[in-house]
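Please look over the sequence and the model shown below. The report that follows takes the chains, their contacts and a few local features in turn.

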Amino acid sequence: MTKIKSLADLKKMKSELQSQVALREKSETPEGRVLIRVGMGTSGIASGAKQIMEFLIDELEKRNIDAIVSQTGDMGYSYAEPTVEVTLPKQEPIVFGDVDQKKADDIIEKYIKNGELLDGIIPANYETIDKK
Amino acid sequence: MELIKLTIDNRTVEVEKGTTIFIAAKQLDITIPTLCYMNLKDLNIEHKPGGCRICVVEVEGRRNLAPACATECSEGMVVKTHSVRVLNARRTVLELIISDHPFDCLICAKSGNCDLQDMAVKLGVRDIPFKGEKSTYKPDFSPAIIRDMDKCIMCRRCETMCNDFQTVGVLSGIHRGFEAVVAPAFERDLDHSECTYCGQCVAVCPTAALTEIDHTNQLINDLSDSSKTVVVQTAPAVRAALGEEFGMEPGTLVTGKMVAALRQLGFNFVFDTDFAADLTIMEEGTELLDRLSRHLNGDKEVRLPILTSCCPGWVSFFEYHYPDLLDVPSTARSPQQMFGAIAKTYFAEKQKLNRKDMIVVSIMPCVAKKYECTREEFATDGNPDVDYSISTRELAKLIKSANIDFKALPDEDFDKPLGESTGAAVIFGTTGGVIEAATRTAYELHTGEELEKVDFEALRGFEGIRSATVNFKGLDVNIGIAHGLGNARKLLDDVRAGKSEYHAIEIMACPGGCIGGGGQPLHHGDTSILKARAKAIYAEDEGKTLRKSHLNPDIIKLYDEFLGKPGSELAHKLLHTHYFEKKIKHISMD
Amino acid sequence: MAKYKMHMLVCGGTGCHASEGQMLFENLKKEVQDNNLENDVQVIATGCFGFCEKGPIVKVIPDNTFYVSVEPKDAKEIVAEHALKGRAVKRLLYFDPVRKEQIPDSKHMGFYKKQLRIALRNCGMIDPENINEYLAADGYEAMGKVLLEMTPEEAIKEVMDSGLRGRGGGGFPTGLKWQIASKNHADQKYVVCNADEGDPGAFMDRSILEGDPHTVLEAMVINGYAIGATKGLIYIRAEYPLAIHRLKIAIDQAREYGLLGTDILGSGFDFDVEIRYGAGAFVCGEETALIHSMEGERGEPTFKPPFPAQSGYLGKPTNVNNVETYANIPVIITKGAKWFSSIGTEKSKGTKVFALAGKINNVGLIEVPMGITLREVIFEIGGGIQGGKKFKAVQTGGPSGGCLTEKHLDTPIDFDNLLSVGSMMGSGGMIVMDEDDCMVAVAKFYLEFTVEESCGKCSPCRIGNKRLHEQLDIISKGNATEKDLDNLRNLSNVIKDTSLCGLGQTSPNPVLSTMDNFWDEYLAHVNEKRCPSGVCKDLIRYEVIAENCVGCTACARNCPVNCISGERKQLHVIDQALCIKCNACLEKCKFNAIAVI
Amino acid sequence: MTSVKLKLKDSDVQKLKEIALSFNNEAGELINVLHKAQEHFGYLPAEIQEVVAEELNIPVAKVYGVVTFYSFFTMLPRGRYPISICTGTACYVRGAEKVLDEFKRILKVPVGETTADGKFSITCLRCVGACGLAPVVMVGDKTYGRVTTDGVKEILKEYENEE
């Protein structure tokens, strides 16, 4: 280990390390953040949910969007895997089906950033995992 | 110096910053009662653990009561020392202390002289509302000191004397809470510890938790046994303190009355340890001169400084803690033991007495002397040279119990031949006295000239460690003096390290020397009493016609008739001793 | 560096450690590896989550899923289900006994809702054995700010303005304490962290040291800089092996990074820390006693003044603060005095950590803003009384505190309010009692503790507490009179008024507060020779209720002293002379046929 | 305090000297030295205290005063399976006293003592901080939570065949 010799060193080190615990800190205060859940049931994984989740995590960070991405079980829409549920602050959750990378990109750019609705929204009689 | 003004019991008083409420109240003649506080001003010992909580007072604006002994005065402070709240608290605390104390005042050694008893009287305690468990401990009977910890009130004064003043370190607080008490390591008896029996713990104990072994009953038995010849010797410091027990002013000399009382008590011969003190000077002075001259002649074998060896507490101390220096102290026995040896040989022969029919008793200001009598090397065929020793306090009790009106007694003289002494012997009783007496004789023996001024003021005083250089006609003799074993330790450490510049050192275990001995009337924390006793001792010296030991005619006769010369073979056999390494090593108790 | 999508936080505090938390942690790690998830899922042993009632705890991030009473064998299922398939393992979710439903995540748990974690901010969040995690969580930033951008006076002022008061019990303003120590000049000064938590039932200091040791180190450096001390000592209970272990790791790591040692962060300021061990003496929580103990002496307190700030360790000016106090310092520096002082009540700022225990559903460690009511703590955070019994009292402030009742439930908790109702903040123990607890027995229990822990130096504490305990024993045996109660009260007041240190000055509080609040109960013991709660053995007896007894022999078979006789299917009888009142028969009887009378 | 006699071997004395030396033979380190000594020997009989006193150059009475002050130090050897019952407040209100009584009854030894066969010893301690598991009992390093009087027998059974 090298010594930290100045306050600047310390701050630099912190910014490098911060990602390690950022997720935990964010989760402590979910209020006011964009919450995204990716359906990761067996069929979801088979249809590429894992890649979509990674794409979302990376891109949201790159685009400086304060969001928490988590995985959840099957949402019960096996016809539309992979599924992604997005909850904007103080809004009802919305579930998107058949999400590929392009659609994921749209979700970020259009829905998350501007609140524009997209195609492929699964009708409102969904259940979130909490209520299941 | 910053002055502070405060109000105590509605009276204003101005004191120096840093003064405690206790001291400030004293200025107004308000004595706040206490059981643990002790201020031995002249010894630089202020013991204020704030433990007994008897001295609590009410300070305006303070949530709880304040211990007067430990609370410093502050500007504008308003103190009440006897408010109802204080009185209730003080009495309740005292009741608590008594609730954990035996109720055997009638037969207690300290009855009539007990701080706790006095306090109970003063605060009017009539009933103890708390009935509960009392602490009980195994009593400890050592050759000199009795520890009866059932009576301990945890004032911790003994611990301070044993550790801080004497650096003997035998006593420590042990356990905690209700089980807490002061004891030697592993609660062993004192005779399994490194106790020197200096008795300073006894001297400050407010109750009978620490007392001396009582020999008065044995003495009464021996005095009433007509087949025994009972001989008594009295130490120099006794005559300067005994009067206090009879209400006389501290510093009143009662030599003549003491002799008269002893005679009335029935002793066959009333002699003086002072005689043996003169004898000690002859032997120790000779040894000093011998070592000194060998040293000056380049003898590398000889060790200097020479240390006095009259004090048995001090002897035990170096036997325990400085076993590597056993050849440094003088080999001369203490005056008590020299007296015993001469009494049971020279005097016995003169009287045609068998030593077995003689009882030699000493009256000592000391409790360690009780132990010294029991040392095996001071006995012939199991018969001790000095049978036992009683303290000044015990003598006073004996006189009182014999219904002798001490104050009204006429002055009487000691018997001869072992009652004759010089002024040099008397000053053995105070710190610096032995070395001054030795100097008077050594000077004249060394120079062959008469000393014009016998008073060596430089050697006197109350400082814990003193030093002076005496010019022996071209030879500078460096003299060191220490009283209190903590002070002695400092000088000894220098000797051990080879840094000591002294040629001769006098050491006494007790504060002020024997006048402050553990067997003396209790000073109750007032060290001015010790100073008054010292003054009396020097007054007796000044009043004597003969003030140098080698001029004592009966000493001269003793050498002529019996011993030959100082340091002779017989003198060595009877008047000298050797020391033992006593360090306790991993002893295991059964 | 792996970018984890999921963090599994396993409680590694002593409480969970005790219940096989360590093995659980290892199993989870292994399962993650076996499933090739080591780049996705990070398993971390953290400090205490506080919810000790249901340990061991696993919390899954980011969804905050909160698994309770997890056994090592559950690791497989958690990884297979939750990490792989994203499905929570429902059977391990916390079941709310009041709402009678499973709670999916910590955000919905009543236990956490009203909490505000400042001192405990990192406990349960970061890996205490990894300094990098502390750094990532803003660690040592406050220290850097103080050392490089603030003067000692500014640092003291910040702490003073924050209104932070000592969390160890006394509630002395921390900033003022620092200021006094800073003004005493000496060649050497010391900063001491008091981690000799001795309150039975309080373990917040231990949890902080186990969960976030660096925060204490950071605060001590700040403290050192503020008062001009270059040496820090942590006096910690030897009975806290895990905390000691983590503290040692933290010290080593901080030294390696140069965050302890010479010229810290190029500021020119030197500071290092040593650990000293306590050896089991409650009184050493008192700062003068603590200092004597660190010097190798008996831990007996001495009269103040002189205060440690004037003459402390080795006679040098010394500042002693407790662990929880220190844990607040870095946040106060980074977020500012203003932010901190906006939390809490007028004279008690910030939060306080409490160890919630006793007859309560959610036993654990909580941190709440000052000013919250006892009711909120006990009934919302604590989830109410166990087994649906009736709340009777809550004891705050540890053995020196008082027992508060129903009528105090809406008192906002802060230093002064607790004092004014006859209790105290203490170090933050909070023991809840129900209708089955006898208040005389409770007072006696606390006195037993004080008697054992009194150092014995001063008479009122040494003998007085012993007598108090004996008096209470006499009362509990039905041998006391009303006059004895007067004596008991007077003695209690005198002990408070005359004792040397805080131990004796507060030890009668349990007696006085139970007498004040449960006087009837005392009277019942004294006048009617009856223990209303059925606790005091000498005042109760066990009887068989004839109409309920079916003669099943269960009681007789389980009686350890064979004092119950009766044939099968016959009425059983208890021999009162032999009965030791162990309660075994009552516990075993399925027919409600044993009663305490 | 009763003490068990122990004859120290030369190597034991050597070990104590090393411990003292590792703290620079400083008197102020007494408690640390005692901790290390007890860690090594299991208890602190008189003989060990005497060596410690000598090495730190302090009166043995003082060492004894310190050893008897702190409850963590013991002059008696503990059993091979030392049983510690938490009697902290949380455990107390959840029945620790009954658990303690049961241990005392079954093992027939009072608190602070060791069974005749040297197998078990009973001590009380104040709060291990596992209040959620109250009442708590520790046997050696192993913790048992929510112990009932019935559970006491179960716990002891675990050690029945161990030697």
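## Chain B: overall build

Chain B holds 18 helices and 22 strands. Its radius of gyration is 25 Å, close to the 25 Å that the globule rule gives for 590 residues, so chain B is as compact as a globular protein of that length. The C-alpha trace of chain B spans about 75 × 60 × 55 Å along its principal axes.

Of the 590 residues in chain B, 54% are buried. Contacts across the sequence can be split by separation. Among those in chain B between residues at least 6 apart in sequence, 74% join residues at least 24 apart.

## Confidence in chain B

This is a predicted model. Chain B has a mean pLDDT of 95. In chain B, 99% of the residues reach 70 or more.

## Helix α3 of chain B

Helix α3 of chain B covers residues 115–122. Its buried residues are B:D115, B:L116, B:M119 and B:A120. Seen down the axis of α3(B), these buried residues fall within an arc of 140 degrees, so they line one face of the helix. An α-helix has 3.6 residues a turn, so residues three or four places apart point the same way.

Helix α2 (84–99) of chain B is included in what covers the buried residues of α3(B). Which exposed residues sit on the face turned away from the buried side of α3(B)? They are B:V121 and B:K122. Just after α3(B), B:G124 takes a positive phi of about 65 degrees.

## Which chains touch

In the model, 4 pairs of chains touch.

Two other pairings lack contact. No contact joins chain A and chain B. The closest C-alpha atoms of chain A and chain B lie 45 Å apart. Chain A does not touch chain D either. The nearest C-alpha atoms of chain A and chain D are 24 Å apart.

## Chain C against chain D

## Chain C against chain B

Chain C also touches chain B. Here the contact takes 28 residues from chain C and 29 residues from chain B. Three helices of chain C, α17 (439–453), α18 (459–476) and α19 (482–498), each supply at least two residues of the side that touches chain B. The largest share of that side, 8 residues, comes from α18(C).

The residues of the side of chain C that touches chain B divide into 10 nonpolar, 8 polar and 10 charged.

## C:A136 and chain A

Residue C:A136 lies in helix α5 (residues 131–136) of chain C. Is C:A136 buried or exposed? C:A136 is buried, because 22 other C-beta atoms lie within 10 Å, and the cut-off for a buried residue is 20 or more.

Neighbours within four places in sequence aside, C:A136 is in contact with A:K14, A:L17, A:Q18, A:Q20 and A:V21. The C-alpha atoms of C:A136 and C:K183 are separated by 35 Å. Those two residues are 47 residues apart along the chain.

The domain assignment of chain D gives domain 1 (10–69) and domain 2 (81–158). The C-alpha centres of the two domains of chain D lie 30 Å apart.

Helix α3 (residues 46–56) of chain D is mostly covered. In α3(D), 9 of the 11 residues are buried. They are D:A46, D:E47, D:I48, D:Q49, D:E50, D:V51, D:V52, D:A53 and D:L56. What do these buried residues of α3(D) pack against? They pack against α1 (10–22), α2 (30–41) and α4 (60–69) of chain D. Just after α3(D), D:N57 takes a positive phi of about 55 degrees.

Technical notes. Residues numbered from 1 in each chain as written. Chains lettered and ligands numbered in written order. Predicted model: local features only at pLDDT ≥ 70, side-chain atom pairs only at ≥ 80, totals over all residues. Domains from an automatic or database assignment. Buried ≥ 20, exposed ≤ 12 C-beta atoms within 10 Å, placed from the backbone. Helix = DSSP H or I, 4+ residues; strand = E, 2+ residues; numbered from the N terminus. Contact = placed C-beta atoms within 7 Å. Nonpolar A, V, L, I, M, F, W, Y, C, P; charged D, E, K, R; others polar. pLDDT = per-residue confidence, 0-100. Rg over C-alpha atoms; globule rule 2.2 N^0.38 Å. Arc of directions from axis to C-beta.
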